[in-house]
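Have the coordinates open as you read.

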Amino acid sequence: MSALPQYGKHLHPRETMRAIVIDRYGGPDVLRLATVPRPVPTRRQVLVRTRFIGVNPKDVVVRKGKFKIATGNKFPLIVGHDIAGEVVDAGLSCDFAEGDLVYGMINDRAGRAYAEYAAVDCRQIAKAPSSIELRVAAAVPLASQTALQALRDNAQVKPGQNVLINGASGGVGVFAVQIAKILGANVTAVCSHRNVELVNELGADRVIDYTKTDLVDLEERFDAIFDVFGNYCFDQLKHLLTPRGTYVHTIPSSRIFKDVARTVVRRRRAKLVIVRSRSAQLDWIRQQIDAGSLRVVVDRSFSLNDVAEAHRYMETKRARGKVVLEVG
Ligand SMILES: NC(=O)c1ccc[n+]([C@@H]2O[C@H](COP(=O)([O-])OP(=O)(O)OC[C@H]3O[C@@H](n4cnc5c(N)ncnc54)[C@H](OP(=O)(O)O)[C@@H]3O)[C@@H](O)[C@H]2O)c1
């Protein structure tokens, strides 16, 4: 390793760690194991010894360079956002103690999660759920907070409302179905036939197989449409919204930005969720998990050495729930 990773201001010159880095944007093979300096936490950060890492489509997008307007051209770069692990340095202004098991999401643009250690702002993590393994907890932060923010904050879902969730069997969708139910909604979930049983088990009131039905042809009306998979747009589905209904999209594009801008003073609105990690949200999610109200679905786990394989699997867009890396 010649160059230093991007969080240079936090470096401690003597300590090192293993990390998955990229030296350029590209396919899964650009991911390589390297020895890099270990980060040193600032006052508002804790140092987490990462045990498990959640893999998200965003990691793939960053690795491909599709987000390089934000992630820049400084390499090597460590990608990834979701971690679960143990606090080894509790920081000076944080309410954590050494040995605490925590989970959370690093809000930075590229991430920094694919490493043995991560220095994380203590406002972006929380105590891990006690009723599930840490491996399973790593699958939770980004996807569950996306679902929570889309449904509760963007669409302001209320008890008794009708909610449509497109992409209900993926990483975000499995949380969205359950969180919509916790918020008291009637949930219509959309997935392919192979996932109908899973989505039913998660509590959906009705499941639509997208291979048989085009959502455009539905006759029902919804107070909120959460287009998790993002293969529709506001104009295609706005006729399915109630007069004050909200359509929430997940993928930033010029089209959704225009839709958001032109509907801001309309009754039927388009919104884009952009997930941010917050301890209070993670506390709420932990309570739901430990109370048995929110189930975490992990599809596959890979070792850190097999990170390229994990990315190839994510790129199939057929994951059933979440994918996790074991740091070992
Ligand atoms: N803006 C944000 O803050 C934010 C945050 C999180 C995620 N996202 C974005 O949200 C999207 C979904 O994320 P994710 O983690 O849920 O992805 P994911 O786990 O990769 O989604 C996989 C799921 O998509 C389903 N799927 C595939 N084709 C579909 C189709 N035509 N219609 C409906 N469902 C289909 C698959 O179900 P079947 O196998 O049944 O087809 C599979 O279960 C990604 O583009 C991601 O980048 C954005």
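## Ground rules

A residue counts as buried if 20 or more other C-beta atoms lie within 10 Å of its own, as exposed if 12 or fewer do, and as partly exposed in between, with C-beta atoms placed from the backbone. Helices (H or I, at least four residues) and strands (E, at least two) are DSSP runs, numbered from the N terminus.

This is a predicted model, in which local features need pLDDT of at least 70 and side-chain atom pairs count only at pLDDT 80 or more, while totals for chains, interfaces and linings use all residues. Residues are numbered from 1 along each chain as its sequence is written.

## Helix α4 and its partner

In helix α4, the buried residues are P141, L142, A143, S144, Q145, T146, A147, L148, A150, L151 and N154. Because eleven of the 14 residues of α4 (residues 141-154) are buried, the helix is largely enclosed by the rest of the structure. After α4 comes Q156, which has a positive phi near 50°.

How do α4 and helix α9 pack? The axes of α4 and α9 (residues 279-290) are 10 Å apart, at an angle of about 95°; axes are lines fitted to C-alpha atoms, for helices over the stretch in contact, and angles run from 0 to 180 degrees between N-to-C directions. The two helices are therefore roughly perpendicular to each other (65 to 115 degrees; under 35 is roughly parallel, over 145 roughly antiparallel, and the rest oblique). P141, S144, Q145 and L148 of α4 meet Q281, L282 and I285 of α9, where contact means C-beta atoms, placed from the backbone, within 7 Å. By class, this contact holds four nonpolar, three polar and no charged residues. Ala, Val, Leu, Ile, Met, Phe, Trp, Tyr, Cys and Pro count as nonpolar, Asp, Glu, Lys and Arg as charged, and the others, Gly among them, as polar.

## A second crossing

Helix α1 (residues 57-64) and helix α10 (residues 307-315) have axes that come within 9 Å and cross at roughly 105°. That makes α1 roughly perpendicular to α10. P57, V60 and R63 of α1 make the contact with H311, M314 and E315 of α10, a set of three nonpolar, one polar and two charged residues.

## Domains and core

An automatic or database domain assignment supplies the domain bounds: domain 1 is 8-140 + 297-326 and domain 2 is 143-272. Their C-alpha centres lie 28 Å apart, and the contact takes eight residues from domain 1 and nine from domain 2.

A nonpolar core is a set of buried Ala, Val, Leu, Ile, Met, Phe, Trp, Tyr and Cys residues joined through C-beta atoms within 7 Å. The largest one has 105 residues, of which Y103, L151, I165, A176, V177 and F226 touch the most other members. Helix α5 (residues 171-182) gives the most to this core, with seven residues. Leaving aside neighbours within four places in sequence, V177 is in contact with I165, A168, V187, A189, V199, L202, G203 and A204.

## Two residues to look up

Q124 is in the loop between β6 (117-121) and β7 (125-127), and is buried because it has 25 C-beta neighbours inside 10 Å. Q124 and R278 are 154 residues apart in sequence, yet 4.7 Å apart in space, C-alpha to C-alpha.

R32 sits in strand β2 (residues 32-39) and is partly exposed, with 13 other C-beta atoms within 10 Å.

Methods: Two residues are in contact if their C-beta atoms, placed from the backbone, lie within 7 Å.
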